[in-house]
Amino acid sequence: HYLAALDLALADRLVTLAEADQLGELAQAMCLGAEELLDLHRSYLAALAAAAVADGVVTREVGTRIVGESACLQMLAAMEVAAATAVLVAPSQ
């Protein structure tokens, strides 16, 4: 479910703040921790790379897309880890 949402968010290779928030909320609802999210992001990127080389030709455009999506995934992971950390250290009332 998370990977499908991630794929949708990355379809235009631009992750909006609303999309990042939705992914963060989904990850939280699914009780995904930081390591699990990083593993999911790595798996997603590995699948993209495998699909790109499946035909034996990786064009500059495909390489650029993979690099761009990798950067988006790193940004998302950092945001989700920061959000999870903020939840953990939020003062109780």
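View 1. At 31% relative accessibility, Val 62 counts as partly exposed (buried is under 20% relative accessible area, exposed over 50%, partly exposed in between; 1.4 Å probe, protein chains only). Val 62 belongs to helix α4; helices are DSSP runs of H or I with at least four residues, numbered from the N terminus. Together with Val 53 and Val 58, Val 62 forms a nonpolar surface patch of about 210 Å² accessible area. Patch members have over 30% relative accessible area and no salt bridge, nonpolar side chains being joined within 5 Å; a salt bridge places a side-chain nitrogen of Lys or Arg within 4 Å of a carboxyl oxygen of Asp or Glu.

**View 2. Confidence along the chain.** This is a predicted model, in which local features need pLDDT of at least 70, side-chain atom pairs count only at pLDDT 80 or more, and totals for chains, interfaces and linings use all residues. Residues are numbered from 1 along each chain as its sequence is written, and side-chain values use heavy atoms, without hydrogens and water. The protein chain has a mean pLDDT (predictor's confidence per residue, 0 to 100) of 77, with 78% of its residues at 70 or more. Mean confidence is lowest in helix α4 (residues 60-89), at 66, and highest in helix α1 (residues 2-9), at 90.

**View 3. The largest nonpolar core.** This core has 15 residues, and Tyr 2, Leu 6, Leu 10, Leu 23, Tyr 44 and Leu 76 have the most contacts inside it. Two or more residues come from each of α1, α2, α3 and α4, and α2 gives the most, with four. A nonpolar core joins buried Ala, Val, Leu, Ile, Met, Phe, Trp, Tyr and Cys residues through side-chain atoms within 4.5 Å.

Terms used. Patch = residues over 30% accessible without salt bridge, like charges linked within 9 Å, V, L, I, M, F, W, Y side chains within 5 Å. Areas by Shrake-Rupley, 256 points an atom, 1.4 Å probe, with all protein chains shown as cover.
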